[in-house]
Amino acid sequence: MTLDHVEGYRRALDVVARERKYLTMLEALPEPDTRRFVERSLENGNPMMVALAGGEVVGWCDIRRDFFPSRAHRGTLGLGLLPEWRGHGVGRRLLEATLAKARCAGFKRIELDVHADNPRAIGLYEKAGFVREGIVRDASLIDGVFRDAVLMAIVER
Ligand SMILES: CC(C)(COP(=O)(O)OP(=O)(O)OC[C@H]1O[C@@H](n2cnc3c(N)ncnc32)[C@H](O)[C@@H]1OP(=O)(O)O)[C@@H](O)C(=O)NCCC(=O)NCCS
């Protein structure tokens with residue numbers, strides 16, 4: 001990802017967030033905040049990837065390094081694709097490319113939490129080597145629906 005992709009990244013994030021099923025965010029942050037977030041992430045060497053189709057951003061995968069020095073080997077992963085681009089292997093490619101960048105950047109532990117009723121994402125993460133570490137009960141409450149989240153991580157050292 002470069003700063004040229006901020007607008008498209010924000011648009012894709014907003015579409016997926018507004019589905020109100022998959023992400024913690026229910027809408028994207030305003031453009032200036034998103035830009036600042038991406039600028040800082042790129043400056044800090046965080047892996048930030050986008051999937052492009054005809055120059056348009058159709059998905060993203062990013063890893064944010066933990067703020068605390070004792071946890072600087074850890075990163076939290078986020079991933080999403082526009083609905084029409086799901087189920088064609090794009091998620092797998094995005095994930096693999098981002099994990100490869102994370103390894104080069106020295107991350108030793110990549111973690112995430114995923115809604116327990118999202119078998120496609122869980123299946124993809126397991127295939128990539130993520131291991132289930134636990135369940136966060138009633139992790140989210142959206143439109144009156146409580147959802148558990150599965151904590152997953154890859155540890156490599
Ligand atoms: C989750 C998401 C990124 C996956 O990307 P994708 O391109 O649709 O997934 P892929 O086509 O690469 O498939 C990934 C793998 O999961 C497997 N899979 C698909 N559906 C599955 C299911 N219901 N159960 C188990 N595994 C499943 C596929 O078989 C595939 O493995 P394969 O390549 O060996 O066949 C995408 O569907 C998405 O954006 N979903 C909405 C947002 C979201 O859930 N983000 C993650 C939040 S934590």
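I began with D14 and found that, apart from neighbours within four places in sequence, D14 is in contact with E27 and A28 (contact means heavy atoms within 4.5 Å). I note that this is a predicted model, in which local features need pLDDT of at least 70, side-chain atom pairs count only at pLDDT 80 or more, and totals for chains, interfaces and linings use all residues. Residues are numbered from 1 along each chain as its sequence is written, and side-chain values use heavy atoms, with hydrogens and water left out.

**Entry on D14.** I located D14 in helix α1 (residues 6-18); helices (H or I, at least four residues) and strands (E, at least two) are DSSP runs, numbered from the N terminus. Is D14 buried or exposed? I recorded a relative accessible area of 15%, so D14 is buried (buried is under 20%, exposed over 50%, partly exposed in between, with a 1.4 Å probe and protein chains only). Its side chain makes a polar contact with the side chain of R18 at 2.8 Å. A polar contact is a pair of N or O atoms within 3.5 Å; within protein, one must be able to donate a hydrogen and the other to accept it, and residues adjacent in sequence count only if both atoms are side-chain atoms. I also looked up L29, 15 residues from D14 along the chain, and found their C-alpha atoms separated by 8.2 Å.

**Entry on helix α2.** Which residues of α2 are buried? I listed T34, V38 and S41. Seen down the axis of α2, the buried residues fall within an arc of 65°, so they line one face of the helix; the arc is that of the directions from the helix axis to the C-beta atoms. On the other side of α2, I found R40 and E43 exposed. The cover over the buried residues includes α1, β1 (48-53) and β2. Just after α2, G45 takes a positive phi of about 75°.

**Entry on strand β3.** I found six of the eight residues of β3 (residues 74-81) buried, so this strand is largely enclosed by the rest of the structure. Strand β2 (residues 56-65) runs antiparallel to β3, and seven bridges join them (two strands pair if DSSP finds at least two bridges between them). Here D62 stands opposite G78 in β3. With β4 (residues 109-115), β3 pairs in the parallel sense over three bridges, and R74 stands opposite R109 in β4.
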